Amino acid sequence: MVWNRLMEWLHIAVLFILLNILWIFGCIIGLGIFGLIPSTVATMDVIKDRMYFKTDYSYFEITKQFFKSFSLAFKHHKLILVVPTVLLIVFILEWFLIRGVDILRAGFMIPTTLIIFYLLIMILNSSYLMTVEKKIDLSYFKFIVLSPLVFLKSSLIIVLSLITFFILSISYPLISLFSIVLFIFTIHRVLKIDYAKKGWGVLD
């Protein structure tokens, strides 16, 4: 009994490390701009299915499911897949530029940081939405843009979780092996509750 439990936890740890690698790989093959949201959608698709947490599922099957979900993510409207990521990259680059100039840092550092957080929350919301809706088109665009405000409680948890996981990854380098997926797993659970209250998805 104890041995079986230990093997289950070991399987989950390896699963998270594998998904961490696959998420990064998905972002790379998508050149960041085209890979960030599909990688996040694929990760959420795998972790939402509890059967993959069982030891009788091979890592090949999990990898296969990840790339299947990754490719299916592109059926959603391309503007929703690309625009938030492009804006995020632009504002991150701007953040580093502002950081290096004293005059700009005083007036623009905080607003730029808040915009980056807002865009990250938008991306996570759109990624989750893509796991519960068959096809996301431009009719969802307004909702996705406002989603950080619609789900304000989840947004605050996302910000706090992001900061926490970032600090932990710096303090304990081993955590970085699975920190991205652990963060996505945490946020997926939080968003699942909020979206279920609004009629999207089903609470287990």
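Is Asp102 buried or exposed, and at what relative accessibility? At 55% relative accessibility, Asp102 counts as exposed. The views below come from a predicted model, in which local features need pLDDT of at least 70, side-chain atom pairs count only at pLDDT 80 or more, and totals for chains, interfaces and linings use all residues. Residues are numbered from 1 along each chain as its sequence is written, and side-chain values use heavy atoms, with hydrogens and water left out.

**View 1. A salt bridge joins Asp102 and Arg105.** The closest N and O atoms of this pair are 2.4 Å apart. A salt bridge here is a side-chain nitrogen of Lys or Arg within 4 Å of a carboxyl oxygen of Asp or Glu. Asp102 and Arg105 are separated by about one helical turn because they are three residues apart in helix 5 (residues 102–132). Helices are DSSP runs of H or I with at least four residues, numbered from the N terminus. Arg105 is partly exposed, with a relative accessible area of 35%. Buried means under 20% relative accessible area, exposed means over 50%, and partly exposed lies in between (1.4 Å probe, protein chains only).

**View 2. Lys48 and Asp45 form a salt bridge.** Their side chains meet at 3.2 Å, N to O. Lys48 is partly exposed at 34%, whereas Asp45 counts as buried at 19%. The whole structure holds two salt bridges.

**View 3. Four lysines gather in a surface patch of positive charge.** The members are Lys75, Lys78, Lys134 and Lys135. Patches use residues with over 30% relative accessible area and no salt bridge; like charges are joined within 9 Å, and nonpolar side chains (Val, Leu, Ile, Met, Phe, Trp, Tyr) within 5 Å. Lys and Arg count as positive, while His and the chain ends are not counted; the place of a Lys charge is taken as NZ. Lys78 lies in helix 4 (residues 78–99) and is partly exposed at 46% relative accessibility.

**View 4. His76 sits in the loop between helix 3 (59–72) and helix 4.** His76 counts as buried, at 2% relative accessibility.

**View 5. Leu146, Leu149, Val150, Leu152 and Leu156 make a nonpolar surface patch of about 450 Å².** Accessible areas come from the Shrake-Rupley method with a 1.4 Å probe; for residues, only the protein chains shown count as cover. Helix 6 (141–150) and helix 7 (152–171) each supply at least two residues, and helix 6 gives the most, with three. Val150, in helix 6, is partly exposed at 37%.
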